[in-house]
Amino acid sequence: MNKWQAHITIEGKKKFIGYYESEEEAAADYARAVFKYRGQGAPEKVREQRTSDKAGVQRSFVVDLSDVPPQQPIPKIASRIKEGASKYAGVTFHKQKKKWQARIRIEGKHRYTGSYENEKDAAVDYARAVFKYKGQEALDKAREQHSFIMGLSDVPTQSPILKSFGYIKEGASKYKGVCFNKKSNKWQAEVNIEGKSRFIGSYDKEEKAAVDYARAVFKYKGPVLQTT
């Protein structure tokens with residue numbers, strides 16, 4: 001139908017007022033219905049309450065970062081970046097406003113930092129908010145958790161490392177450090193360094209993922225003796 005509608009709640013029941021071509025006409029009839037069923041002065045009280053509620057939400061959720069120095073953005077792990085989503089932690093794209101937004105969760109509540117034309121600006125302010133409200137240690141930890149991609153440009157090509165025959169499960173990769181991500185429909189490579197899983201990359205081909213895993217092992221653990 002593609003029209004504006006107006007409704008009013010009377011004695012706990014939602015009452016339909018009408019359809020309108022214009023948003024303002026729908027709003028005007030809603031105000032008239034409030035006047036008729038709730039009495040003179042009710043429309044003003046509704047307006048005051050809406051304005052107060054909106055101002056309260058804005059005060060509660062906007063974070064002041066004027067006293068916080070610039071911080072480097074926190075990049076997400078490549079495998080966790082959905083199509084159309086931001087590559088930075090704490091950042092989303094608002095389709096209606098056509099702007100990037102940054103929010104941080106503090107004491108169980110989402111705190112809004114602002115809307116931005118530029119994705120990186122939003123990411124910088126998110127990092128600043130983490131620094132201000134959670135401290136440098138939390139910022140470093142968040143950056144470590146999200147920044148698992150490592151550079152292998154200085155590492156020569158290595159032969160893939162085959163799994164032992166008895167350890168290959170049905171549908172799994174025959175190479176160590178490689179698994180298939182059904183959501184992204186790609187192969188992934190990860191390496192364990194000092195007890196932490198480090199993401200290497202996503203690949204169309206299983207062999208390419210296995211080669212980069214072997215390169216990561218070579219870089220961080222040294223040459224590997226092949227076993228079968």
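This is a predicted model: local features need pLDDT of at least 70, side-chain atom pairs count only at pLDDT 80 or more; totals for chains, interfaces and linings use all residues.
## A buried tryptophan and the sheet around it

At 15% relative accessibility, Trp187 counts as buried, because the cut-off for that word is a relative accessible area under 20%.

Trp187 takes part in an aromatic pair with Phe180: the centres of the two rings are 5.0 Å apart and their planes stand at 65°, so the pair is edge-to-face. In general, two numbers describe such a pair of aromatic rings, namely the distance of the centres and the angle of the planes. The structure holds three aromatic pairs. Phe180, for its part, is partly exposed, with a relative accessible area of 34%.

Glu206 lies in helix α4, and with a relative accessibility of 13% it counts as buried.

| Residue | Relative accessibility | Class |
|---|---|---|
| Phe180 | 34% | partly exposed |
| Trp187 | 15% | buried |
| Glu206 | 13% | buried |

The sheet in this part of the chain is open and consists of three strands in the order β6-β7-β8, paired in antiparallel fashion. Its edge strands, each of which pairs on one side only, are β6 (178-181) and β8 (196-203). On average, and with direction ignored, neighbouring strands of this sheet are turned by 35° against each other. As a general point, the strands of a sheet pair through backbone hydrogen bonds, and they may do so in a parallel or an antiparallel way. Here strand β7, which covers residues 186-193, is joined to β8 by seven bridges, and the two run antiparallel; within this pairing, Glu190 stands opposite Phe199 in β8. Helix α4, made of residues 206-221, packs on the sheet and touches β6, β7 and β8, while its direction makes about 15° with that of β7.

Seen as a whole, the chain has four helices and eight strands, which follow one another from the N terminus in the order β-β-α-α-β-β-β-α-β-β-β-α. Of its 228 residues, 33% are buried. Among the contacts with a separation of 6 or more, 46% are between residues 24 or more positions apart. The chain exposes about 15,800 Å², of which carbon and sulfur atoms supply 49%.

Conventions
Residues are numbered from 1 along each chain as its sequence is written. Side-chain values use heavy atoms; hydrogens and water are left out. Two strands pair if DSSP finds at least two bridges between them. Axes are lines fitted to C-alpha atoms, for helices over the stretch in contact, and angles run from 0 to 180 degrees between N-to-C directions. Contact means heavy atoms within 4.5 Å. Buried means under 20% relative accessible area, exposed over 50%, partly exposed in between (1.4 Å probe, protein chains only). Accessible areas come from the Shrake-Rupley method with a 1.4 Å probe; for residues, only the protein chains shown count as cover. Rings of Phe, Tyr and Trp (its six-membered ring) pair if their centres lie within 6.5 Å; planes under 30 degrees apart count as stacked, over 60 as edge-to-face and the rest as tilted.
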